[in-house]
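Work through these exercises with the sequence and the 3D view side by side. Try each task before you read its solution.

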Amino acid sequence: MKKWYAVIGDPIAHSLSPYMHDAWFQESSIDASYIPVHLEPSELEDGFHALKKIGVSGFNVTLPHKQAIIPFLDGLDDTARTMNAVNTVVMKDGKSYGYNTDGDGFVQSLFALPVDREQPLLVIGAGGAARGIVHALHRAGFTRLTVTNRTFRRAEELAGEVGAEVMTISQAEAELGTFHTIVQTTSVGLSDNESLPLSVEWLKPGTVVADIVYNPLVTPLLKVASDKGCKTINGVGMFVHQGAIAFEKWTGKTPNQEAMIDSITQKLGGNNVNR
Ligand code: ATR
């Protein structure tokens with residue numbers, strides 16, 4: 001029987017996941033489809049049971065349900081447990097298993113550019129997204145991690161979990177030229193937001209600057225970084241790679257990620273700025 005997959009979230013209408021996974025099912029000759037399902041927080045429990053009952057094979061979970069879905073699942077992998085957030089659910093023999101592929105997706109996207117794991121790397125932010133990324137960078141063997149955040153206590157907590165250094169925003173601003181790679185994980189720079197997460201006066205040409213935001217494709221930070229001669233990475237790669245890891249978990253097949261990065265970039269109205 002034809003399989004089907006879904007993404008649940010609120011809002012969900014503008015999600016690019018159905019486009020991405022449908023294209024991958026087609027290219028892999030898998031008879032399956034992928035649909036967006038709008039669930040408000042009050043509908044999550046009933047919605048989850050309904051999806052199971054009518055035979056979903058797996059689904060993605062996006063905001064605001066990444067944490068709230070956890071109590072309903074039968075199992076959780078280590079990464080999802082550490083992050084206390086799930087973005088991918090695999091159904092097997094009627095049971096549901098939660099994973100989180102966001103952090104590993106980000107790390108894969110970083111390797112679009114030559115990045116040295118032994119060079120200093122700064123993560124700006126200490127929220128849910130930063131958590132996944134800092135843990136994934138640590139697992140991937142990045143040895144010189146520093147975390148900075150507007151609320152210093154959250155930076156201290158996150159850095160403490162992986163033995164990273166911690167800096168206040170003003171320390172990080174002053175030391176910005178010492179980092180080989182800078183990763184921006186806060187919501188500063190999203191669509192209607194023109195501000196920067198920190199002052200970039202001391203940003204050095206050649207630094208790799210990654211922003212997990214992909215709409216807009218070029219955030220205010222990426223714009224000034226590229227004007228200063230930095231190498232920039234936007235969030236499209238992270239989005240595509242987190243989806244590809246989910247796709248592999250569901251189907252055992254590796255989809256074409258480079259072509260999808262180009263295609264999503266075009267859909268968002270740009271040329272690929274990463275390569
Ligand atoms: P997410 O899951 O997207 O990471 P989150 O857990 O709410 O969301 O975390 C948001 C992150 O963006 C935090 O690091 C937050 O800083 P605080 O811990 O100080 O709140 C950061 N952030 C959000 N708005 C910001 C702003 N205007 N200036 C600086 N940092 C901001």
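**Exercise 1.** By about how much of helix α3 are Asp78 and Arg81 separated?

*Solution.* Start with the source: this is a predicted model. Next, find helix α3, which covers residues 78–83. Asp78 and Arg81 are three residues apart in this helix, so about one helical turn separates them. Now look at the side chains. Asp78 and Arg81 form a salt bridge, with 3.5 Å between the closest N and O atoms. A salt bridge needs a nitrogen of Lys or Arg within 4 Å of a carboxyl oxygen of Asp or Glu, so the contact qualifies. Last, check the surface. Asp78 has 58% relative accessibility and counts as exposed.

**Exercise 2.** How many salt bridges does the structure hold? Then find which helices are linked by Asp104 and Arg139, and which by Arg131 and Glu161.

*Solution.* The structure holds seven salt bridges. One of them joins Asp104 and Arg139, with the closest N and O atoms 3.0 Å apart. Asp104 sits in helix α4 and Arg139 in helix α5, 35 residues apart, so this pair links distant parts of the chain. Asp104 is partly exposed at 29% relative accessible area. Arg139 is partly exposed too, at 44%.

Go on to Arg131 and Glu161. Their side chains meet in a salt bridge of 2.7 Å, N to O. Glu161 has 39% relative accessibility and counts as partly exposed.

**Exercise 3.** Which element gives the most residues to the largest nonpolar core?

*Solution.* The largest nonpolar core has 27 residues. Phe106, Leu110, Leu121, Leu137 and Phe142 touch the most other members. Now list the elements that give two or more residues: α4 (102–110), β7 (121–124), α5 (128–139), β8 (145–148), α6 (152–162) and β11 (208–211). Helix α5 gives the most, with five residues.

**Exercise 4.** Is His135 buried or exposed?

*Solution.* Locate His135 in helix α5. Its relative accessibility is 11%. The cut-off for buried is under 20%, so His135 counts as buried. Then try a distance. Ile12 is 123 residues from His135 along the chain, and their C-alpha atoms are separated by 27 Å.

**Exercise 5.** Which residues form a negative surface patch?

*Solution.* The patch is formed by Glu40, Glu43, Glu45 and Asp46. Take Asp46 as the example. Asp46 lies in helix α2, residues 44–53. Asp46 has a relative accessible area of 61%, and over 50% means exposed, so it is exposed.

Note on methods. Residues numbered from 1 in each chain as written. Predicted model: local features only at pLDDT ≥ 70, side-chain atom pairs only at ≥ 80, totals over all residues. Heavy atoms only, no water. Patch = residues over 30% accessible without salt bridge, like charges linked within 9 Å, V, L, I, M, F, W, Y side chains within 5 Å. Areas by Shrake-Rupley, 256 points an atom, 1.4 Å probe, with all protein chains shown as cover. Lys, Arg positive; Asp, Glu negative; His and termini not counted. Charge placed at Lys NZ, Arg CZ, Asp CG, Glu CD. Helix = DSSP H or I, 4+ residues; strand = E, 2+ residues; numbered from the N terminus. Buried < 20%, exposed > 50% of the residue type's maximum accessible area, 1.4 Å probe, protein only. Core = buried A, V, L, I, M, F, W, Y, C linked by side-chain atoms within 4.5 Å.
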